[in-house]
Each structure stands twice: as structure tokens, then as C-alpha cells.
Amino acid sequence: ISGSPKKLYLVAAAVATAGTLLAGCGFGAGSQDGSAELLVTRDYGRQVMVEKSLDKLTESENALRLLDASADIETRYSGGFVQSVSGISGGIEAGRNQDWFYSVNGVVAERGAAEFEINAGDQVWWDYRDWTDAMEIEAVVGAWPAPLKGGYDGEVWPVSIECVEVDRVFCGDFEERLSDQGVDSTTVDRLGASPEGSLRLVLGRWFDIETDDQAQFDSDPSTSGVFARFEEVADEDHLIGLDQRAQPARDFGPNAGLITATRKGDDPPVWFITSGQQRGLEAAVRALDANDLKGRYSAVAQGDVVSSLPLP
């Protein structure tokens with residue numbers, strides 16, 4: 001999950017000069033205390049290829065070198081663009097675009113992997129996916145509790161919870177759950193009332209939050225980056241899961257909770273925890289767990305069952 005192929009092609013010229021940082025050039029001087037987590041998957045996280053914790057990090061560690069230390073890779077553009085991992089190559093298959101992407105701490109990286117410095121505690125996720133219907137996916141939920149905890153690329157954003165038309169007790173329990181997982185936050189009771197520069201965590205029923213500028217899931221994933229939408233059925237908002245071709249694949253009903261993240265430009269991500277009904281909100285909050293969310297772009301919670309979006 002690396003930005004998009006478009007972004008990487010734009011930075012290809014810049015990373016061509018980064019030869020001293022590329023895989024195979026040896027480790028730099030100095031080391032870091034702690035480890036980084038590496039996850040390598042394909043098909044929107046559905047198939048895990050590599051999952052490991054890597055210690056002995058150098059002070060000049062980068063996302064490309066971390067991958068190269070754990071898998072056989074081939075690169076393009078003087079090493080700035082990953083073409084193949086373990087024999088799986090980007091290209092066009094059956095008329096569909098396929099490529100390798102990467103994210104760090106749940107945020108899609110804006111530059112080539114050889115230029116992205118990795119620090120102890122970071123979670124690096126490479127995924128080989130079909131990007132025909134969603135080139136731009138800017139944030140994912142699969143590194144929870146990052147980036148709410150730990151930040152991204154050396155920056156730690158303040159976290160603001162927006163409890164929108166939500167019972168105060170439920171909101172308080174939500175705050176406590178985040179605190180238990182090491183997330184420091186403040187709370188506001190109105191949509192969009194978070195201080196500027198905050199990582200917003202929006203909690204509320206779809207009816208109450210759908211006017212938010214970044215909650216435009218009714219557009220297709222090529223615009224929103226989210227493979228879900230809400231549709232009114234018998235006066236209730238049903239969560240509709242889409243497949244990777246952006247087609248409706250399942251009606252989860254009004255009591256399923258959606259956990260997803262979006263991002264615009266260099267702004268902090270916005271996380272949405274929403275549902276047609278309170279029951280779905282409760283299920284989504286219970287699913288805010290590193291094991292339940294790991295390797296998911298977005299998640300659907302029904303009762304105690306958590307599913308990934310997009311659907312197969």
C-alpha cells in the first residue's frame with residue numbers, strides 16, 4: 001500500500017539518485033533499540049506471505065531494505081519501485097492492473113520505499129492488489145492502534161474523538177477503551193469540531209455523520225478509497241460491502257459496524273466508526289483490537305465477527 005503507482009512513477013526520477021539507500025548496499029552505521037513489524041500480503045490482505053518482527057534495525061533503515069531482508073524482490077527505477085516480491089510481479093492480468101503497495105503505521109506512504117525511513121515500533125505493510133477500481137487508498141485500519149498511537153513518519157498527531165449524537169456513557173466507554181490501548185485523546189460532541197491538525201476519530205450513526213466531507217462513501221472507491229456504502233432500506237441505513245471491482249457484494253444490514261479510514265493530502269487521517277444502528281456501533285467498538293483489525297483495509301463488525309473490505 002504505497003501511495004499509488006501514479007505517485008511512485010512521479011517520484012521515480014527522485015529516487016533514482018538514492019542509490020546509497022537501496023537494498024543490497026549494506027547496512028549503515030549505528031543501530032536502533034527495538035524492532036519493526038513487517039507484513040507482506042496479497043489481494044487486500046487476504047493471503048499472508050510474510051509476517052515477522054525485525055530487530056537489529058540500523059539508523060538508516062528504510063522500507064525497501066526491510067522488505068529485501070525478508071523476501072526476494074526485484075525493483076525498477078533504480079530501485080525506487082518494487083516490481084516483484086517472491087516471484088509475484090506487478091502488471092496487467094486479465095485486463096486488470098496489479099501492483100505492490102506499502103503503508104507505514106496505517107498511512108499510505110507518499111514517496112518511494114528506498115526514501116522512507118523506518119523507526120523502531122513502525123508497522124510496515126506491503127500488499128499486492130488490484131488497483132483498477134481504486135488507485136488512491138490513502139489510509140487503512142490494519143495497523144491499529146497506529147497511527148493514533150505512535151504517529152507516522154516522525155509526526156505524532158493529536159487525536160480528537162468526535163462523539164456525534166452518541167450517548168455520553170457509551171462515548172466515555174469508548175474513550176476508556178482507547179486509553180487502555182495507549183491512545184491519548186480529547187473529545188468533542190459535534191461533527192467537525194476537532195481542533196485543526198488533529199487525527200479525527202468520528203463515532204456515530206451514519207445518519208448523523210454522513211454530511212462530513214470525508215465520509216462520502218456513496219461515491220465509488222476510486223474517489224473515496226472505501227469499498228462500502230450505506231443504502232436506505234425500509235427506512236434503515238444498511239451497510240453494503242463492495243468487492244474489489246467496486247460492485248455490491250453483500251448487504252450487512254443496519255446492525256453492522258464499519259471501521260474505515262480516509263485521508264486527504266498531507267492532512268492527518270480521519271477514522272470513521274459508524275453503523276445504521278447503535279448495535280452496529282457497539283460491535284465496531286469491540287472490534288478495535290490489533291488482532292481483529294490486522295491486515296485489513298477496512299473492517300465490518302457484526303456481533304463478534306469481523307470481516308474485511310473489499311469482499312472477495
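The torsion about the S-S bond of Cys163 and Cys171 is about 80 degrees, so the disulfide is right-handed. The two sulfur atoms sit 1.9 Å apart, and a disulfide here is a pair of cysteine sulfur atoms within 2.5 Å. Cys163 and Cys171 are both buried (under 20% relative accessible area, with exposed meaning over 50% and partly exposed in between, using a 1.4 Å probe and protein chains only).

A word on the numbers: this is a predicted model, in which local features need pLDDT of at least 70 and side-chain atom pairs count only at pLDDT 80 or more, while totals for chains, interfaces and linings use all residues. Residues are numbered from 1 along each chain as its sequence is written, and side-chain values use heavy atoms, with hydrogens and water left out.

Ser194 turns up in the loop between β11 (185–188) and β12 (199–205); strands (E, at least two residues) and helices (H or I, at least four) are DSSP runs, numbered from the N terminus. Ser194 counts as buried because its relative accessibility is 14%. Its side chain makes polar contacts with the side chains of Ser160, at 2.7 Å, and Glu162, at 2.6 Å. A polar contact is a pair of N or O atoms within 3.5 Å; within protein, one must be able to donate a hydrogen and the other to accept it, and residues adjacent in sequence count only if both atoms are side-chain atoms. Setting aside neighbours within four places in sequence, Ser194 is in contact (heavy atoms within 4.5 Å) with Ser160, Glu162, Val188 and Arg200.

Helix α6 (residues 278–286) has Gly280, Leu281, Ala283, Ala284 and Val285 buried. These buried residues pack against α3 (168–180), β12, β16 (257–262), β17 (270–275) and β18 (298–302).

As for nonpolar cores (sets of buried Ala, Val, Leu, Ile, Met, Phe, Trp, Tyr and Cys residues joined through side-chain atoms within 4.5 Å), the largest has 59 residues. Those with the most contacts inside it are Trp126, Leu148, Phe174, Leu178, Leu203, Ile259 and Trp271. A second, separate core of 18 residues includes Ala215, Phe217, Phe252 and Val270.

Finally, β3-β4-β5 is the order of an open, three-stranded sheet with antiparallel pairing, where two strands pair if DSSP finds at least two bridges between them. β3 (73–76) and β5 (88–89) are at the edges with a single partner strand each, so one side of each has no neighbour in the sheet. Two bridges join β4 (residues 81–85) to β5, and Ser84 stands opposite Ser89 in β5.
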